[in-house]
Amino acid sequence: MSDYLSPVRFVICGVGHIGRRHAALVARHDGAVLAALIDVREDLRAGLAAEFPGVPFYSSLQEYLQSGPAADVLTVATPNGLHAPQAIAALRHGLHVVVEKPIALHKTDAESIVHTALQTGRLVFGVMQNRYSPPAAWLKQVVGEGRLGQVFLVQLNCFWNRDARYYQAGGWKGTQALDGGTLFTQFSHFVDLLYWVFGDITNISARFRDFTHQGITEFEDSGLVTFDLVRGGSGTLSYSTAVWDRNLESSLTVVAERGALRIGGQYMDKVDYCHLQGYAMPALPPTNPSNDYGPYQGSAANHVQVIENVVATVQKRSFATTNALEGLKVVEIIERIYALR
């Protein structure tokens, strides 16, 4: 293998559910090497050593940056509130950075990431893996080709279960400082999909309610948001984590000049309805199964495409499909919504 296509060396910072998945995918990728693992929880060391033999473990990002092996990419999979400072530290150390969603909890912090990347000449990849799901890619194509004509109404529904099984006492989830809120942790993928396909929003109004999470989280569990699309048309975002026992759905309905469509399922994993003028619905590839976390489930497991894109981009064979500016825009939209609390 030439230097041009040298294996891309990854360090994973934060080895919880998602971080461990990143580590496993990197370890299995032909063009990647897992160089180190970082986590503050010392109790993870033995299990990680068994799963990833020979990969060194560090108890802090600072410890790794001071004494760890050379690498190309740092993946930040720690609690949300730590993403920005850790990404900036890694960029200043000369590393490219993969940042799990959201890239930050405040627009100003996301801007700092973007500016640091520009100053250091390093790349920042936001993890918005739902863009790789076949229904999302199909929707992007259909809208981009103008097959809908003028978009009239966009309706996003995200109705999930996140109860006391998920928000464990003493953990970071549910805190304002490290979690940031339901739109950041659970539903930023769908805000990203809205922006990616339909563009920016304006004239936002919202109401927020906390039905079942008093004493469990420091923020709302449900919201009703209305907005106008800058490109024309209006929309709603209805979301809740107060659904009893298990997730209900994530859906996107579009009413437009030349027809209507609806992507549904628990994780927007299937096209429920498509009736467009002069258009025959193609067969789509199957959607990957959802991430399973025991009592609750997350969105589709498309992280393998994220890792592939990072490897290909660092090896100069491709370009980033989700860059820091797009990640910043999602943070900015959510911050504008939450400013109405």
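Mentor: Start where two helices touch: Ala84, Ala87, Ile88, Leu91 and Arg92 of H4 meet Asp109, Ser112, Ile113, Thr116, Ala117 and Thr120 of H5. Contact here means heavy atoms within 4.5 Å. Helices (H or I, at least four residues) and strands (E, at least two) are DSSP runs numbered from the N terminus. The model is a predicted one, in which local features need pLDDT of at least 70, side-chain atom pairs count only at pLDDT 80 or more, and totals for chains, interfaces and linings use all residues. Residues are numbered from 1 along each chain as its sequence is written, and side-chain values use heavy atoms, with hydrogens and water left out.

By class, the contact of H4 with H5 holds six nonpolar, three polar and two charged residues. For these classes, Ala, Val, Leu, Ile, Met, Phe, Trp, Tyr, Cys and Pro count as nonpolar, Asp, Glu, Lys and Arg as charged, and the others, Gly among them, as polar. The two axes come within 9 Å and cross at roughly 5°. Axes are lines fitted to C-alpha atoms, for helices over the stretch in contact, and angles run from 0 to 180 degrees between N-to-C directions. H4 and H5 are therefore roughly parallel to each other; angles under 35 degrees count as roughly parallel, over 145 as roughly antiparallel, 65 to 115 as roughly perpendicular and the rest as oblique.

Now follow the chain around H4. Coming from S4, the chain passes through H4 (residues 83-92) to S5, and this β-α-β crossover is right-handed. Right-handed means that, with the strands pointing away from the viewer, the path from the first strand over the helix to the second runs clockwise. S4 and S5 (residues 96-99) pair in the parallel sense over four bridges, and Val76 has Val99 in S5 as its bridge partner. Two strands pair if DSSP finds at least two bridges between them. S1 (residues 8-13) also pairs with S4 in the parallel sense over four bridges. Here Val73 in S4 is the bridge partner of Phe10, and Val76 in S4 is that of Cys13.

In S4 (residues 73-76), Val73 and Thr75 point one way, Leu74 and Val76 point the other way, and all are buried. Buried means under 20% relative accessible area, exposed over 50% and partly exposed in between (1.4 Å probe, protein chains only).

These strands belong to an open sheet of six, ordered S3-S2-S1-S4-S5-S6, with parallel pairing. S3 (57-58) and S6 (124-126) stand at the edges with a single partner strand each, so one side of each has no neighbour in the sheet. H1 (residues 17-28) lies across S1, S2 (32-38), S4 and S5, and runs at about 150° to S2.

Between S5 and H5 there is a loop that contains Pro102. The peptide bond from Lys101 to Pro102 is cis, with omega near -15°. Most residues other than glycine have a negative phi, and most peptide bonds are trans.

H5 has another helix partner. H5 (residues 107-120) and H10 (residues 324-338) pack at an angle of about 170°, with axes 9 Å apart. That angle makes H5 roughly antiparallel to H10. Lys107, Ala110, Glu111 and Val114 make the contact from H5, and Ala324, Leu325, Leu328, Val331, Glu332 and Glu335 make it from H10. This contact has six nonpolar, no polar and four charged residues.

H10 lies across S8, S9 and S10, running at about 55° to S8. The sheet is open and has seven strands in the order S8-S9-S10-S7-S11-S12-S13, with mixed pairing. S8 (201-209) and S13 stand at its edges, each with a single partner strand, so one side of each is left without a neighbour in the sheet. From one strand to the next, the twist averages 10°. S8 and S9 (residues 222-229) run antiparallel and are joined by seven bridges; Thr202 stands opposite Asp228 in S9.

H10 also packs against H8 (residues 188-198), at an angle of about 110° and with axes 10 Å apart. H8 and H10 are therefore roughly perpendicular to each other.
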